[in-house]
Amino acid sequence: MEDAAAAARLDTILRHLCSRTGTAALTTFPTSAQIASFKHPLEFHYTLDNNLLTPEQRQFYDENGYLLIKNLVSGEDIERFRNEFAKICKKEVQVPGLIIMRDVAIAKSEFVPDQKAVTKIQDFQEDEELFRYCTMPQILKYVECFTGPNIMAMHTMLINKPPDSGKKSSRHPMHQDLHYFPFRPADLIVCAWTAMEPIDRSNGCLVVLPGTHKGSLKPHDYPDWEGGVNKMYHGVRDYNKNLPRVHLVMEKGDTVFFHPLLIHGSGMNRTQGFRKAISCHYASADCHYIEVKGTSQENIEKEVVEIAQRKHGVSTPITLKDTWMIRGRLVKGERTNL
Ligand SMILES: O=C(O)CCC(=O)C(=O)O
């Protein structure tokens, strides 16, 4: 009689567990000990198994496509990056392969010396001081949770968002970074973006649409902005404007890691200061290149290839893939593919 009661109780508990986790998660074995193997209900799709991220952090990234880590880069390192940026702008340092971009509103006005005219520098992988950012152990240990152990630094930027000239051109349109990349899979790519000073809505913080990393790559183009748009600032042509937005308010040294399909952008800088951030896109060296001809990325390939040909004075045909193969640098593990 007691045995029957115990069996009934066990049956109730098992049915209760089944209803919470789904039947597939629970297996019973008809042995005398009635072993139940219970699978953890959380399965993560966007991070790899690791000892660093908590289940809550992994779940947050799965759901939202970004993860903010406070105080990851020291004030001292940020000061060194600032000094190097100032030297580059003053042309005291020449960096091979570096692209210096100017704000449309400033570029068209009279000559402005030093960093006041520079809105962004790209591809600083040949600058030892700035490239230190991409190799920092405290950043790479997080990157590895997304990419695995073979890590390439593919794209580097120091963004110097200028005070808006009144034309709203300091905004960065909402976009997905994958639009620029001819390598896949997207889930093995991650951006690290570090605030070089306190950043909030007043000086144009990052704006993200949580969860959009679960969607697909959308067609991008220059937005039709009256005050002009900066070179290569493509925006998503069409997205749901009613999706909730999150403004990432960050302190100096805080770092956000985000997925390349996450729709994001940044607002106008309404202050008189230059809002600075340093960033690197990492990819697993095990990723592979794709052909973008015939896809929505054809427009960016054309633009990037034209710039590369002009810069290097070559007329031989090159592809988007070639421009990335030259830029990528191994920062950890083995250069297996990319
Ligand atoms: O720093 C910013 O304002 C936005 C940067 C960005 O999203 C990008 O350059 O892709």
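## Fold and model confidence

Among contacts (heavy atoms within 4.5 Å) in the chain between residues at least 6 apart in sequence, 80% join residues at least 24 apart. The chain holds eight helices and 18 strands; helices (H or I, at least four residues) and strands (E, at least two) are DSSP runs, numbered from the N terminus. Of the 338 residues in the chain, 49% are buried, where buried means under 20% relative accessible area, exposed over 50%, and partly exposed in between, with a 1.4 Å probe and protein chains only.

This is a predicted model, in which local features need pLDDT of at least 70 and side-chain atom pairs count only at pLDDT 80 or more, while totals for chains, interfaces and linings use all residues. Residues are numbered from 1 along each chain as its sequence is written, and side-chain values use heavy atoms, with hydrogens and water left out. The average pLDDT (the predictor's confidence in each residue, from 0 to 100) is 85 for the chain, and 83% of the residues score at least 70. Over residues 6-39 the pLDDT is below 50, and this stretch has 21 contacts in the model beyond near neighbours in sequence.

Rolling a probe the size of a water molecule over the atoms shows where empty space is left. On a 1 Å grid over the protein atoms alone, a pocket is an open set of points where a 1.4 Å probe fits, with protein on both sides within 12 Å along at least five of seven lines; lining residues have an atom within 4 Å of a point. Grid points are joined across faces, edges and corners, and a volume is the space filled by probe spheres set on the points.

The largest pocket contains about 770 Å³ of space. Its lining comprises 49 residues, with Gln122, Asp123, His155, Met232 and Arg327 nearest the centre. Elements that each supply at least two residues of this lining include strand 6 (151-161), strand 16 (275-284), helix 7 (298-312) and helix 8 (320-327). By class, the lining of the largest pocket has 21 nonpolar, 16 polar and twelve charged residues; Ala, Val, Leu, Ile, Met, Phe, Trp, Tyr, Cys and Pro count as nonpolar, Asp, Glu, Lys and Arg as charged, and the others, Gly among them, as polar.

The second largest pocket contains about 430 Å³ and is lined by 19 residues, of which Arg171, Val207, Arg245, Ser266 and Gly267 lie nearest its centre. Strand 7 gives the largest share of this lining, three residues. Nine nonpolar, six polar and four charged residues make up the lining of the second largest pocket.

Two strands pair if DSSP finds at least two bridges between them. Strand 14 pairs antiparallel with strand 3 (residues 66-69) over four bridges, and phenylalanine 257 is the bridge partner of leucine 67. Four bridges also join strand 14 to strand 9 (residues 189-195), again antiparallel; here valine 256 is the bridge partner of tryptophan 193.

## Backbone exceptions

Most residues other than glycine have a negative phi, and most peptide bonds are trans. Asparagine 71, in the loop between strand 3 and helix 3 (75-89), has a positive phi near 50° and is exposed, with a relative accessible area of 59%. Lysine 91, in the loop between helix 3 and strand 4, has a positive phi of about 60° and is exposed at 58% relative accessible area.

The peptide bond joining arginine 184 and proline 185 is cis, with omega about 5°.
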